[in-house]
Amino acid sequence: MYVSMNWLKDYIDIGMDIDEFAEKMTMSGTMVEDINISGENIKDVIVGKIETVIRHPNADKLLICQVDIGKEKLQVVTGADNIAEGDYVPVAVHGAVLPGGLEIKKGEIRGEISEGMLCSAVELGIPKAVIPEKIKDGIWILDKTYPLGENIVKALDLSDEIIEFEITSNRPDCLSVIGIAREAGATLNKKVNYPKIEVRETEEKADDYISVEIEDTEGCNRYVARVIKNVKIDSSPRWMQQRLMRTGVRPINNIVDITNYVMLEYGQPLHAFDLSFIEGNKIIVRKAEDGESITTLDGIKRKPDVSMTVIADTKKSLAIAGVMGGGQSEVTENSDTILLESANFDANTTRLTSKKLSLRTEASSRFEKGVDPNIARLAADRACQLIVQLGAGEVLKGAVDVYPEEIKPHEVIVRPERINNFLGISLNNEEMVDIFKKLELGTENSGDTIKITVPTYRMDLLMEADFAEEVARIFGYDKIPPTMAKGNITVGGKPDGQIIEDIAKDLLNGMGFNEILTYSFVSPKTADMVNLDKNDTKRNMIKLINPLGDETSVMRTGLLPNMLEVAARNVNHKVENFKAFEIGQIFVPRNNPDNELPHEIPNLVIAMYGKEDFFALKGVIETLLDNLGIDEYEFVVERNNPTYHPGRCANIVVKDKTLGTIGELNPIVIENYDLNQRCYCAELDFSIMLELTRIEKSYEPLAKYPSITMDFAVVVDKAVLAKQIEDIIRTEGGNILESFKLFDVYEGDQIGKGLKNIAYTITYRDKERTLTDEEAKAVHNSILSEISEKLGGRLRQ
Amino acid sequence: MESRLKALEEKAKSEIKKADSIKVLEKARIHYLGKKGELTKILRGMGAIDAAERPRVGRIANTVRENIENELDKAMDAIKGKELENRLQLETIDVTMPGKEIKIGRRHPLTQTMDDLKDIFISMGFEVAEGPEIETVYYNFDALNAPKNHPSRDMSDTFYINENVILRTQTSPVQVRVMEKTKPPIRIVSLGRCFRNDTPDATHSPMFYQIEGLVVDRGITMGDLKGTLEVFAKHFFGPDTLIKFRPHNFPFTEPSAEVDATCFKCGGKGCGVCKGSGWMEVLGSGMVHPNVLRNCGIDPEIYSGFAFGMGIDRLAMQKYGIDDIRLLFENDMRFIDQF
């Protein structure tokens with residue numbers, strides 16, 4: 001919302017500089033977003049009169065003018081073609097500076113002296129969008145005579161300060177100069193001088209010309225119509241044009257400008273119809289009919305649907321209520337009698353209509369935020385007053401005012417003590433009443449309570465808390481003393497899940513993995529990209545109705561696709577060694593998506609490429625699980641997970657639960673993501689990890705008795721798994737088995753085709769006494785004989 | 001015999017002096033003092049000596065043995081010292097060569113910022129609460145007093161899964177979930193992902209992170225809100241930070257306030273980061289709206305509370321000087337390695 005300070009000062013004496021005013025308004029709740037100074041940075045541009053115009057002898061498109069600037073005459077060369085002898089124009093003389101910083105210097109243009117420059121409106125800093133048609137192109141031909149040589153900023157009143165306010169959605173009443181004046185009055189404790197509205201009317205009555213019927217009382221709360229005869233369409237005066245332009249509105253003609261001016265002044269959108277196009281002398285506010293169409297002012301044929309409200313006569317619709325008028329009944333230079341509409345349209349209906357038609361106007365944006373129905377008549381009268389004042393027409397007596405259900409000011413009772421306790425301040429009743437009075441609220445102080453009468457434009461003041469805010473902001477947020485909450489002391493902390501997550505992150509960081517964070521939504525194509533099985537439940541992804549694009553249209557059912565995208569990006573950026581993980585939610589739909597939220601399951605994905613192999617990643621997983629106190633995990637061969645290399649993939653299983661999968665990516669997936677190298681990944685269900693994690697620690701006495709270490713090497717079939725040997729070691733080792741470690745695997749000619757040599761070192765210990773060599777050997781031998789018996793192992797000496 | 005012993009001593013000494021390795025010395029030891037060595041050989045002749053003379057000659061022999069042994073030990077020490085010196089010389093390395101690289105992984109800068117925030121609020125007695133990222137319209141809007149026609153509910157602002165289910169646009173629904181289940185005193189913060197229908201650019205992301213705070217108890221005042229956030233701001237932005245409360249409007253708080261903090265970069269003097277104002281908008285806050293308390297089954301006549309919310313991405317960007325929010329979700333290792 002832009003407000004011209006020149007305009008605002010009509011209603012209130014600010015009495016301080018703009019920055020101080022802006023700060024005070026911001027601190028009382030009407031935030032100043034920006035301040036623009038117009039007429040600034042214009043130096044030495046003055047009024048001149050064109051005496052003669054001749055063609056430039058050496059250039060077809062240039063003119064040479066002799067310009068009278070009062071004390072002297074200048075020769076100016078110009079390229080504009082809209083000038084004539086006798087025109088008053090802005091002249092930038094030698095040494096002049098224009099708003100863009102352009103400096104004007106005397107010079108020669110194609111052999112002819114030019115002692116200055118004639119200026120357009122744009123060159124004087126007027127935004128192109130708001131310049132009236134008449135002066136839009138070429139040099140700004142001034143509307144009348146001015147003293148020659150007068151500074152243009154003074155002559156045209158270009159100097160002003162324009163404040164841009166941010167108006168919050170609860171205060172639509174501030175979307176007007178009067179509304180801002182009212183807030184300024186409360187903030188600065190000053191009286192607001194509202195315009196005195198008196199309309200000089202003719203003897204003829206408006207209701208002899210027109211009647212109004214509101215059929216759609218849901219879409220329209222009130223409709224005020226006034227009639228103006230003998231309309232003389234002309235430009236509006238300069239002061240009005242300038243106020244409009246500074247507020248971002250382009251002047252059109254006196255009638256249109258007046259409707260816009262009053263809208264900006266009071267916040268009430270107005271519309272003028274050419275009465276001669278209204279058939280049956282009747283305005284009907286009704287719902288649009290099926291199949292109806294209307295060409296709006298912007299020349300577009302629109303088809304309102306039956307949910308929308310239209311303004312119609314007895315034959316046809318004339319306008320889309322609260323959004324835009326129709327082209328046919330538009331006020332033109334030929335209009336003689338007009339109907340001025342000041343109506344109150346329903347916020348929600350207007351909002352939906354505007355949205356469906358993709359048509360947002362100044363009017364619709366005001367109605368959809370809410371306009372006070374009680375200003376409709378006031379605004380109509382104000383417009384009529386201006387029409388008479390500008391000589392734009394004669395106003396007929398009275399108004400046709402249909403207002404089926406009058407909205408009256410409401411009353412709220414508040415308790416000053418409670419407001420004080422709520423805010424942490426201590427004002428007495430009088431001080432509080434004083435604040436309410438500054439806000440022009442009616443008050444009745446009765447000791448414990450204050451009864452407040454709320455004007456209808458303050459739709460936001462409904463309950464005590466709302467008045468607490470009014471007290472706080474006028475008293476000053478900055479004056480409320482900061483305190484610490486008294487009463488119960490609470491112990492802070494985080495959920496177990498987050499504690500465990502932190503430990504897992506520390507472990508992974510310690511092992512060199514960076515944490516990544518990626519979008520929760522992905523492309524549905526990711527299912528194919530990671531080569532999911534046709535029947536994989538992960539293909540069942542939750543869809544967004546209104547995604548930004550296909551790439552982010554479904555909720556992820558796994559973390560791997562995003563991780564691989566990140567890996568690919570890093571391959572592209574020539575990152576040679578990549579180690580990363582992400583912990584985040586995956587989303588699993590339920591059977592009844594309308595009534596049940598989906599499962600959100602935390603998952604962990606780890607990936608690495610570079611100088612790595614499967615066992616490097618396996619070591620990472622083992623370290624992670626060991627340090628989270630998850631034991632009894634097993635890596636079970638998995639040959640059917642199409643995301644992974646069929647010979648290099650395992651499921652990680654703890655008892656009956658599958659924690660996740662580890663493997664080298666299937667070459668198909670590597671190619672899909674253009675990774676150009678082997679990549680090792682693990683996907684784990686973090687929710688299961690959370691269940692299994694045991695972070696409590698307890699001490700176990702250190703071993704008192706010595707251990708015995710023995711090695712063995714066996715030759716087995718290549719297909720025999722380490723796990724098979726280790727299972728035997730575990731079973732046969734019994735309670736004297738302390739630990740074992742695979743220390744060598746060898747394949748080669750000496751061993752024989754299809755065979756491998758595999759070597760372990762085993763440590764035995766008895767916790768209760770010293771173990772004898774014989775005891776250890778007996779167990780060791782039973783391990784060896786079991787291996788040779790069950791796995792066909794041949795012991796190597 | 002006496003003279004033979006003396007001669008032996010001299011001979012041994014001169015030989016020891018010439019020795020240049022441990023091996024030679026060991027040989028000398030065996031040659032002179034060994035079981036079959038020179039000294040033993042001489043002493044075998046003791047039988048031929050007068051019995052009265054024997055003790056004296058014996059003492060001389062012992063002295064000779066001791067002298068030779070001393071000489072051997074001395075030479076041994078010298079040679080060992082020299083050999084060690086040689087070895088150390090040979091083992092000299094270029095200590096200016098680089099150390100073996102140990103790569104430590106980094107937490108994502110957003111996580112680090114969240115960790116900092118959690119630490120501060122936990123130290124102030126706040127508990128960290130969690131809620132789902134896919135939310136119902138009820139928790140995200142209705143229960144938070146958002147008007148039915150509020151533009152934030154539009155498809156152009158909010159991602160919908162069906163007409164009742166959305167991706168949460170704020171962490172505020174966690175407030176409602178906590179209040180429904182917990183009796184005051186309540187003191188929680190909730191951090192997490194939120195989603196809005198924004199096309200990504202330098203300052204917008206369809207996914208971002210928020211922190212939400214909520215305190216509900218008897219007698220909680222707006223002064224308490226100010227005090228709490230002041231303590232927070234000084235912890236997070238630095239001890240000299242000042243904050244400023246400006247009136248604003250949010251559906252779920254009344255009164256509502258936006259909070260500015262003095263620019264962390266210039267300390268309030270005005271610079272490029274704060275666009276010359278010296279202040280930066282950091283959070284939204286207010287007293288919990290009575291309708292919200294009532295929606296959660298808490299009587300606003302007995303209890304009051306305050307709530308606040310901040311964009312974590314923006315805090316992280318300000319803190320680390322990151323100028324494009326998209327960097328946070330591109331996960332370039334060269335980016336994450338810096339934190």
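A salt bridge, as I use the term, is a side-chain nitrogen of Lys or Arg within 4 Å of a carboxyl oxygen of Asp or Glu. This is a predicted model, with local features needing pLDDT of at least 70 and side-chain atom pairs counting only at pLDDT 80 or more, while totals for chains, interfaces and linings use all residues. Residues are numbered from 1 along each chain as its sequence is written, chains are lettered from A and ligands numbered from 1 in the order in which they are written, and side-chain values use heavy atoms, with hydrogens and water left out.

Over all chains, the rule gives 79 salt bridges. One of them joins Arg302(A) to Asp298(A), with 2.5 Å between the closest N and O atoms. For burial, I call a residue buried under 20% relative accessible area, exposed over 50%, and partly exposed in between, using a 1.4 Å probe and protein chains only. Arg302(A) is buried at 9%, and Asp298(A) is partly exposed at 34%.

Next, Lys287(A) and Asp216(A), which form a salt bridge at 2.8 Å, N to O. This pair links distant parts of the chain, 71 residues apart: Lys287(A) lies in strand β15 (282–287), and Asp216(A) in the loop between β12 (211–214) and β13 (220–229). Helices (H or I, at least four residues) and strands (E, at least two) are DSSP runs numbered from the N terminus. Lys287(A) is partly exposed at 25%, whereas Asp216(A) is buried at 6%.

Lys525(A) and Asp550(A) also meet in a salt bridge, at 3.4 Å, N to O. They are 25 residues apart, with Lys525(A) in the loop between β28 (521–522) and α14 (526–529), and Asp550(A) in the loop between α14 and β29 (554–555). Asp550(A) is partly exposed, at 42%.

Now the interface. Which chains meet, and over how many residues? 84 residues of chain A are in contact with 85 of chain B, contact being heavy atoms within 4.5 Å. The rule finds seven salt bridges across this interface. One pairs Glu582(A) with Arg193(B), the closest N and O atoms being 3.3 Å apart. Among the elements giving two or more residues to chain A's side are α2 (18–27), α13 (496–510) and β30 (578–588). That side divides into 35 nonpolar, 25 polar and 24 charged residues. Here Ala, Val, Leu, Ile, Met, Phe, Trp, Tyr, Cys and Pro count as nonpolar, Asp, Glu, Lys and Arg as charged, and the others, Gly among them, as polar.
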